Amino acid sequence: QDVVMGSTAAGMGVVGGEVGENLGGPTGRMIGQTVGEFITPYPSANIVKSNSPNEVSLKNTFDRFNVDSFPAQLSNDPYKISEMDYVSQLTPGSKVITPKLMRQNEQAGQAVDDALNTITTGDAPSTYQNAMQNAAQNVIKKREQARDAIASPLYRQAFNEGGLTNLQGVRNTLKSFIKDHPNSGEVAKSSAKVLKMLAPKKVSGKNVEPNLEQLQNTKLEIDNMINRPILSDNALAKTTQAKLLEIQQFLLREMDVASPKFKQARETFQQLSPPVNEAKNSIIGKISELKTPQMKNVLRNIFDPGETNLATMQKNKKMIVEADPEAWNLLIRAEVEKRLSSIKPVKSAVVQNEPSQLSNAIFGNKKQEAQLLAAMNKDQRELFRDLKVVLDQASLGRLTGSPTATRTEIAQSLKGGFVQAIRDFVSSPVDKTVGMGSDAMFDRRVSTLATALTDVNYQPLLKSSLEKDSGIAVNRLLYFIEAELMNQDLPTE
C-alpha cells in the first residue's frame, strides 16, 4: 500500500505540476497521468436535461445507426478526447476500453452495410456493368423514339408526295473527286461508292432517278461512312470525311428544293436532336457502345474527379435514373464497395481505428466525397452524410497519442481537493479488496476510473461532484461507482 501511495502521489505531482515529483520514478509519473487524465465530466444525453444541443443531436445520430458512443466522442472537446486517447493506451484503462472499442468497430462496420442496403441489396460488383450498359442504351433509344414519333410522320408524308430532285450537280462533284484523287485512295473509292448509290435504276427498260426515300437512305449511308469509329479498321481519314460531308450537304440542299415537306421534316428532326446528341456524346453514349473488357472503366469514368465534374455527374445521373433507377443504385453501391476494398487488413495487438478507416475509404478527399454524394438521391445523401458524422466522431480518442500541450492543460485544470480525492481512493481499500495485492487493487481502481470515463450513466454525478469543488464528493462518487461494479452495499459515510 505504501508503494501505491508513493507512486500515486508522485504521479499526481506530475499531473498537478507541483506535488511529489521527487517521490516517484517513471512508474509513479505514468500512474499519476493515468488517474489525472481519466476523469472527464460529460452530461449523459439520457440522464441530464441540460446537454448542449449538439451533443444530444450527435447521440441521437449514433443511436440511429446502432453505434455506441463515448462521451468524449460526442463532446468534440480536444481536452476530453485527449484523456480518452491517453488512458486507453495504459493497461488498466485499456482493459475497460478495448472491448468497448472492438464492439464499436463491429457496429461501425454493420452501420456501413446497413447504409449500403438502403441503396440496393443487389450484387452490385457483378451486375452493375450490364445494368448500366442496358440503361445507357435505353436512354438513347427512348430519346430517339421521342424524336422519331414527331419527325417520322413528316418524313413519310414527304416521301409519299415525292419530288423531282436534280442530281446532276452532285454527280459532277463526285466525278471530279474521283478524277482528282488516286484511284486506289480513300477519296476516290468513297466517292465512287456514293456515285453508284445515286445512279439511275433500270425499271421496265427505262432509267429512273432515285426517289426522295432512296436519297434519304443514301444520306444515312454517308452518315455511317463518316461516323465510323476512329479506331476501327475501315475508319476514314478526316480529308475523306470532309469530302463526303460536302457531298451530303449538296445532296440535302437539292432534296429540300425538290420537296418543301421534306425540308420541314428535316428541320423538325434537327430541332428534336439535341437530347439525343447529348446522350450519344456523353459518357452514357460511350457506355452504350463499350465492349465487355472496357466496362471495368465505368466507375472511374463516372466518379473520378479527374474524369468528370459535378455538373456532368448530375446530367449522367438524370439520364440513367430516367431509364433505370436500379442500374444507377447498383452503380453507387459498386463504387462504395470498390472504395471499401482499398482497406487492407492490419495485424496488430492494438485495436484498429475501423471507423476512421471506413470513413476515409468511403468518402476520400473533398472532391471524391462531393462526387459520391452528388450521385445519390436526397435520402441517400442525407443518410451517408450522417454516416460520415458517426464514423468520424467514433474515430476520435483512439490511440493517437496525447499532445503534451493538452496534458499540461489537463494538469492545470485539476484542483487540489480533486487530486487528494483520487489519491485517497486509489490507496484506500474497501471490503472486497482486502487480501488483494497492491498492484491488482490499483489496477481495479484505475479500471473503475476508466468506467467513469466511458460509461455515460456516471457522467452526471461526476460532473456534479467536480462542480462542488470538493475532494470528498469526488472520493465518495468513486467509491459509489466501484461498489456498483462489485455489486456490494455502498460504504457508509
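1. The secondary structure of the protein comprises 25 helices and 2 strands, counted as DSSP runs numbered from the N terminus (H or I of at least four residues for helices, E of at least two for strands). This is a predicted model, in which local features need pLDDT of at least 70 and side-chain atom pairs count only at pLDDT 80 or more, while totals for chains, interfaces and linings use all residues. Residues are numbered from 1 along each chain as its sequence is written, and side-chain values use heavy atoms, with hydrogens and water left out.

2. Of the 493 residues in the protein, 46% are buried, that is, under 20% relative accessible area with a 1.4 Å probe and protein chains only. Among contacts (heavy atoms within 4.5 Å) between residues at least 6 apart in sequence, 72% join residues at least 24 apart.

3. Helix 7 (residues 124–161) and helix 12 (residues 260–271) pack at an angle of about 165°, with their axes 8 Å apart, the axes being lines fitted to C-alpha atoms over the stretch in contact and the angles running from 0 to 180 degrees between N-to-C directions. Helix 7 is therefore roughly antiparallel to helix 12, a term for angles over 145 degrees.

Methods
Angles under 35 degrees count as roughly parallel, over 145 as roughly antiparallel, 65 to 115 as roughly perpendicular and the rest as oblique. Buried means under 20% relative accessible area, exposed over 50%, partly exposed in between (1.4 Å probe, protein chains only).
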